[in-house]
Amino acid sequence: MYKCVSLLLLLMGRGVISQEVEVCSKTVINSCSDCIRSGAYCTWCKQLNFTKPGEQEAARCDTRAQLEERGCMGNDIISPMNTLTVTKNTALSTNAFVKDEPIQLRPQEVNLKLRPGLPRTFKLDFRRVEGYPVDLYYLMDLSYSMEDDLRSIKTLGNELFKALQGITKQGRIGFGSFVDKTVLPFTNTNPEKLKKPCEEKELFCQPAFGYRHVLSMTENKADFNREVDKQRISGNLDSPEGTLDAIMQAAVCGDRIGWRNSSTRLIVLTTDDGFHMAGDGKLAGILEPNDERCYMDKQLYTKSNDMDYPSVGQVASQLEKNNIQPIFAVTKNMENVYRELSRMIPKSEVGVLSEDSRNVVELIQAAYNRLSSKVTVTHDALPDNVRVTYTPLCPGGGPAGDKGVCDNVKVGELVSFNVTVTADECIDRERSFLIGPLGIKDKLKVSLSTRCECECDDPKEENHKDCDGKGKVNCGMCSCNAGFVGQKCECAIGEKDESSLRAACRKDNGTECEGRGDCVCGICQCYAQQGGSTYYGTHCECENESCEKFQNKLCGGNGKCRCKICECNPEYEGTACQCKKSDEQCRTPSGSVCSGRGTCQCNQCKCTEGYQRPYCLTCPACQTPCITKGKCIECLGFQTGPFSKNCSQTCKSINTFEMVETLPPGKPCDVRDTENCRVFFIIKQLDGEDNYSAQILKTRECPELPNIYAIIGGSIAGVALIGLLILLIIKAILYMRDVKEFRRFENEQKKGKWSPGDNPLFMNATTTVANPTFTGE
C-alpha cells in the first residue's frame, strides 16, 4: 500500500522559506481505492499496459509528478480532490429589527468532500447586529447571609431595566432563587427549622428550599418588581450553597424560564459563598448522579433531595449547549473561587459585588460588554479522525488553534475566521457537526464525507483483449473471470481456488512474495532491483545487496553477500567479514584459547554466559565451587557422603586431587560432611567450563562424642531432685493450710461466751438424805 505524507522543508537563507513536497510512500497496494486511501498525494494511473512485465500493479500508485515522468498521460491519472459546496449562504443582517430572525453568521450550511489527509480551508464571517435581543435571568442566593443584598435588589429593579434598555430595546428579565438541599448535613431537618431556618429574631423568613423559579422572562417592569418584593430570606447549615443545582435547572428548563430562540442568554448569579459539586450529595446519602434533565413542579426543583449536585463539567456542557453566558456577581472573598470556575466555563465573566450589592447594575453592564465584544468560534463533538482549526482574521487574533478568538469586536463590525477541516481517515458515511460563536444561537452546519473510491470510467467490454479475453478492465487492472488469475488473467487455476494459489506464495502466512514479486499460478515471479540484480528464493525473500557493511563496503570487501548474510573469504570472519582470523589476543599464558570457556572472534574472546573477558577466567555470577563440589571432595577424599557408591562417575569434573598434610597459604574451602566433620580443601578451575583440580586436607575436624553415662546419671539425678522438690513444696503448702485452720479455730474459741444459769430441766443424779437422829457427837 502506498502511504502519502506531506513533508515541510525549511530552507534557511536570509529568511525562512517553506515548501510543501508531495510524497507517496510505497508499501502494499492491491487496487486504485487502496492507493487513494493511503495518503493525500497518492494518485493512480489507469492507463492500460502501464506496468512492465514482472512489475507489480502497485507501481500504478505514486505522486502525479512521478507518474507523469514515467509516461502516464494526465487524463489517465486518478486523483480525487477536496470539494466544498455552500448549500446555505444567507446575507448577514445589520440590525435585529428585521421580520425574520437576524443572521449574524455566514455561511449557514456547507457540504465538504475530503481526501483523507488533505485539508480544506474556507472562510467564516460573523457580525454583531445592533439591538440583538437579550434574555437576562437573575439567579439569587437567598441564604441568610444575603439579607442586605436582597433589600438592595428590591430597590434596583428600575435601574436594572433601564440598563437593559440601554443595551437593547428587546430585553427581558426573569428571576430565580436558591439556597441548598433540605437534608442533613446541608439543612437542619427539624420540622420547626424547616419552616423557619433563619434566626429567631427574623420575622420574615421563608421555609428552606433548594431552587425556586420565581418569574419567567418578562418585559414588564412592574411584574419584576412585584415578584422580587415578595421574596424573603431563608437559610441552611453549611457555607457552600446549591448553586450548581440552580444553574443546571435554569439552563435545561428553557420552556419554564422563557428563553427565546434568537437572543443573547445571560444568567446573572449573585452569591457570597461557594458551591457544592458532584459527590457532595453522598454526605446526605444521595447516590443518584445528576442526569441533566428538567424537574420543575410548581416552580420548585423536585429532585433536589433525590439527585446529587451536577459536576462543573456537566454545568459547562449544558450552558454551552443552550448558548447561555453566566455572569458571576460575587463578594470579594469569593472572587478567586469563581474566577477558577469561570476558567472551566467558556464565555463566562466574574464581577465583585459591594457589601450590599448596590453596584450589581454597573457590574452586569461591564460584564455584558466584555462578553459581547469577545467572539470565540469553536465546534461541537467532531466525528472520529476529523480535525478542525481556526485562524482569526482580525487584529490581535492570535495563531491557529482549536478555537478562534477575536477581542474588542464592536456592534456592526465584521470579523472573519479561516476554518480548516482535515479528515485523517476514510469515513463510512456522511457525518455532520456544528461550528459557531460561543453563546450565540447562529451555527454553521458542516456535512462531511470522504473521497476514498476511484471513478475510472472503464471500458465496458466484459472480455477485454488486454486481459487475454478472460476478464474486464478495472482502473487499468484486469479483473479476471472465474477460474483465471494473474496480471493479464493468463493463469487457469482449474479446480483450485485463487486463495490456495496465493497461500503458496506466502511465507509463514506473511506478505505475498514478501512484497517483492507477483504470485503467478502459485509461483513467485520476483522483481528486479534498482541496482540491476533481482530478488530470488521461493518467496523472493533473498537479495544480495543488504548485508552488513564495514568501512562502507558490503561484507567489508572480504566476502560475498548471499541472501542477506555475509559469506567471508577463508582468512576473514565476523558478521561483516571485518576481522582477520587470528587467536593471538585470545590465548592465555597457558596457551589455551579463552580458557576453554568461549570462542575467539575477531581476535577477542566471546565468553560463555557469565564469564568475563579478556580470557574468560572469572565468573562473578556463577556459584562458587566450594559449595557445588563439596560432596565430591567428601567422596574423593574420605569415601563417604551421597556420592560414595559412584564417586568416579559422578565427580568426573575433578580431574586430579591429592591428600595433603597442610594446605598452601590462603583461605581454604570449608564444608561439613555427613558425619558433621569439617573438611578443608583448595579447588582450582582448569581450562574448560567444568574442569577442576583439588588439594584436600587429610585431617578433618570432627566434634567430640558426648559422655553417655554422665548424661544418663545427670538426667536421673535431675528427675529425682525435681520430684523431691515438688513433694517438699506440696508438704509446705499443706502445713501452711493446717496452721491457718488451727489459728482460726482458736480465735473462734476465744470469742465464745457461756451463761452461768442452771437448766431448769436438769435433775442431779445424786440425792442427799439427813439422818434425823444424828446429833453430831
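**Close-up 1. Cys616 sits in the loop between strand E37 (604–607) and helix H13 (625–628).** Welcome to this predicted model; we start with a cysteine. The backbone at Cys616 has a positive phi of about 60°, although this residue is not a glycine. Is Cys616 buried or exposed? Cys616 is buried, because its relative accessible area is 0% and buried means under 20%.

**Close-up 2. Cys563 belongs to the loop between strand E32 (559–562) and strand E33 (565–568).** Here is another cysteine to look at. Cys563 is not a glycine, yet its phi is positive, at about 55°. How does the surface treat this residue? With a relative accessible area of 26%, Cys563 is partly exposed, since that class lies between the buried limit of 20% and the exposed limit of 50%.

**Close-up 3. Arg106 and Pro107 are joined by a cis peptide bond.** Now let us turn to the prolines. Going from Arg106 to Pro107, omega is near -5°. Where does Pro107 lie? Look for Pro107 in the loop that runs between strand E7 (105–106) and strand E8 (109–114).

**Close-up 4. The peptide bond between Leu184 and Pro185 is cis.** For this bond, which links Leu184 to Pro185, omega is about 5°. To find Pro185, follow the chain into the loop between strand E11 (171–178) and helix H5 (191–195).

How values were computed:
Residues are numbered from 1 along each chain as its sequence is written. This is a predicted model: local features need pLDDT of at least 70, side-chain atom pairs count only at pLDDT 80 or more; totals for chains, interfaces and linings use all residues. Side-chain values use heavy atoms; hydrogens and water are left out. Helices (H or I, at least four residues) and strands (E, at least two) are DSSP runs, numbered from the N terminus. Buried means under 20% relative accessible area, exposed over 50%, partly exposed in between (1.4 Å probe, protein chains only).
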